[in-house]
Amino acid sequence: MRVLKAESVDAMHRKHLQEIPDQSSNVATSFTWGWDSSKTSELLSGMGVSALEEEQEVDSENIPQELFTSLNPPQSPPRKRLKSKGNDKDFVIVRRPKLNRENFSGVSWDTLPDELLLNIFSYLCLPELLKASGVCKTWYRLASDESLWQTLDLTGKNLQPDVIVQLLSRGVIAFRCPRSFMDPPLVENFSAFRVQHMDLSSSVIDVSTLQCILLQCSKLQNLSLEGLKLSDPIVNNLAQNSDLVRLNLCGCSGFSESALKALLSSCSRLDELNLSWCFDFSEQHVQVAVAHVSETITQLNLSGYRKNLHRSDVATLVRRCPNLVHLDLSDSVMLKNDCFQEFHQLCYLQHLSLSRCYDIIPESLLELGEIPSLKTLQVFGIVPDSTLQVLKEALPQLQINCSHFSTIARPTICNTKNQEIWGIKCRLSLQTPSCS
């Protein structure tokens, strides 16, 4: 009898265990045991196990994972403590949990196309763009894209070796860098530059350094080297820029008349040329200038050649350049009123400067009023203040002494804070307000 009873109990136990669903199955967790709780003690006693009086907590191992999650909201991972050798027991190293990208609802920078990132980078100023280039390799590649480096302004900066080379190699088209200090480049061989508009006026730059830079420039259209010391190799390098339209060599020195001849003969598209106040110019330099300047020239500044510019030079210039609109011959003390007949041959002449040409008689200036196209006349130092008003009344169609400085071929006029060169605004600048 005891054997039959044991077998029946064991069979009943197996029957009820089969009714418990597996966690991996899709069977719902709500089910009915169908067991009389009063027989629990009898069953456990037959198995040799005593029943617990009261359960203190739920065993999480038997709870489905979804339900366990809903009952226990996610908590931050426990801090991992690193035992210190000293007495500092508060030192804790916290490891951030890895982000699950599958559950991340935002937009990752890694998924943005290059075109969109380039558009975003185009709104950054120079310091911000340089910082962005140090984030990762992808951003460095995009931040170096030539579309972001079209225009660059480094006015008045102290540039370390190779900075100019590295920046211009990024595809800069318009480069504004006057009144700057430039160290010689350490790299001798580098690729050609794409720069077309460049202003290096009044910069502190060695002749050899300037030659290294201009040697790689063959697409220049506008160039200003005002106040710099040049050399024959530099001027010969400039001759390879046959597309030059505006050239400002005001106050330059160090090159011969033969180099000047090669330059002017090669640059046949020049429209504006400033050769004023080149202090080591001789009569031969002036003669070469008027004889070989491009016939397409419309604005020319040859002021400052006191005893080296004569009426014969003016006659040669007028015959060669009949389309002159703006002519500045100030500070040429050898000119007299007999050269006025040459000006009458310029049918398009609108602006004429004869300031400090002291041999010109003030009364003879009335003859210039007969030039139909003339609009402005600068005669500072010739007409006394007492008679200036009389001259203005006699020539009401002209604006007399309205401008002290010449703008011919100069990159920036009027406002020194203007970031434009020849009408082109430089976007990348260390002086951008948003970066200050």
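A: We begin with a definition: a salt bridge is a side-chain nitrogen of Lys or Arg within 4 Å of a carboxyl oxygen of Asp or Glu. The model shown here is predicted, and the structure holds 10 salt bridges. In one of them, the side chains of D243 and R269 meet at 3.2 Å, N to O. D243 belongs to the loop between helix 9 and strand 8 (246-248), and R269 to the loop between helix 10 (257-266) and strand 9; the pair therefore ties together parts that are 26 residues apart in sequence. D243 is partly exposed, with a relative accessible area of 34%.

Q: Which residues are linked in a network of salt bridges?

A: R311, D338 and E342 are linked in this way. Between R311 and E342, the N to O distance is 3.7 Å. This pair links distant parts of the chain, since R311 is in helix 12 (residues 311-320) and E342 in helix 13 (residues 340-343), 31 residues apart. To judge the setting of each partner, recall that buried means under 20% relative accessible area, exposed over 50%, and partly exposed in between. R311, at 30%, is therefore partly exposed, whereas E342, at 10%, is buried.

Q: Where do R356 and D331, the partners of another salt bridge, lie in the chain?

A: The side chains of R356 and D331 meet at 2.7 Å, N to O. R356 is in the loop between strand 12 and strand 13, and D331 is in the loop between strand 11 (326-328) and helix 13, 25 residues apart. R356 is partly exposed, with a relative accessible area of 30%; D331 is buried, at 4%. Y358 also lies in the loop between strand 12 and strand 13. Leaving aside residues up to four places away in sequence, Y358 touches V333 and G381. Y358 and L335 are 23 residues apart in sequence, yet their C-alpha atoms are 8.3 Å apart in space.

Q: How should I read a sheet, and what is the order of the 12 strands that form an open sheet here?

A: Strands of a sheet pair through backbone hydrogen bonds, either parallel or antiparallel. In this structure, 12 strands form an open sheet with parallel pairing, in the order 14-13-12-11-10-9-8-7-5-3-1-17. Strand 14 (399-400) and strand 17 (428-429) stand at its edges with a single partner strand each, so one side of each has no neighbour in the sheet. Within this sheet, strand 12 (residues 351-353) and strand 13 (residues 376-378) run parallel and are joined by 3 bridges. S353 stands opposite Q378 in strand 13.

Q: What is the order of the open sheet of 3 strands?

A: The order is 2-4-6, again with parallel pairing. Strand 2 (158-159) and strand 6 are at the edges, each with a single partner strand, so one side of each is left without a neighbour in the sheet. Strand 4 and strand 6 pair over 2 bridges, and M182 has I205 in strand 6 as its bridge partner.

Q: How does one find the buried face of a helix, and which residues of helix 8 are buried?

A: An α-helix has 3.6 residues a turn, so residues three or four places apart point the same way. In helix 8 (residues 207-215), the buried residues are T209, L210, I213 and L214. They fall within an arc of 125° when seen down the axis of helix 8, so they line one face. Their cover includes helix 7 (163-168), strand 5 (197-199) and helix 9 (232-238).

With W109 and L116, I120 forms a nonpolar surface patch of about 270 Å² of accessible area together.

How values were computed. Residues are numbered from 1 along each chain as its sequence is written. This is a predicted model: local features need pLDDT of at least 70, side-chain atom pairs count only at pLDDT 80 or more; totals for chains, interfaces and linings use all residues. Side-chain values use heavy atoms; hydrogens and water are left out. Two strands pair if DSSP finds at least two bridges between them. Helices (H or I, at least four residues) and strands (E, at least two) are DSSP runs, numbered from the N terminus. Patches are made of residues with over 30% relative accessible area and no salt bridge: like charges are joined within 9 Å, nonpolar side chains (Val, Leu, Ile, Met, Phe, Trp, Tyr) within 5 Å. Accessible areas come from the Shrake-Rupley method with a 1.4 Å probe; for residues, only the protein chains shown count as cover. Buried means under 20% relative accessible area, exposed over 50%, partly exposed in between (1.4 Å probe, protein chains only). The arc is that of the directions from the helix axis to the C-beta atoms. Contact means heavy atoms within 4.5 Å.
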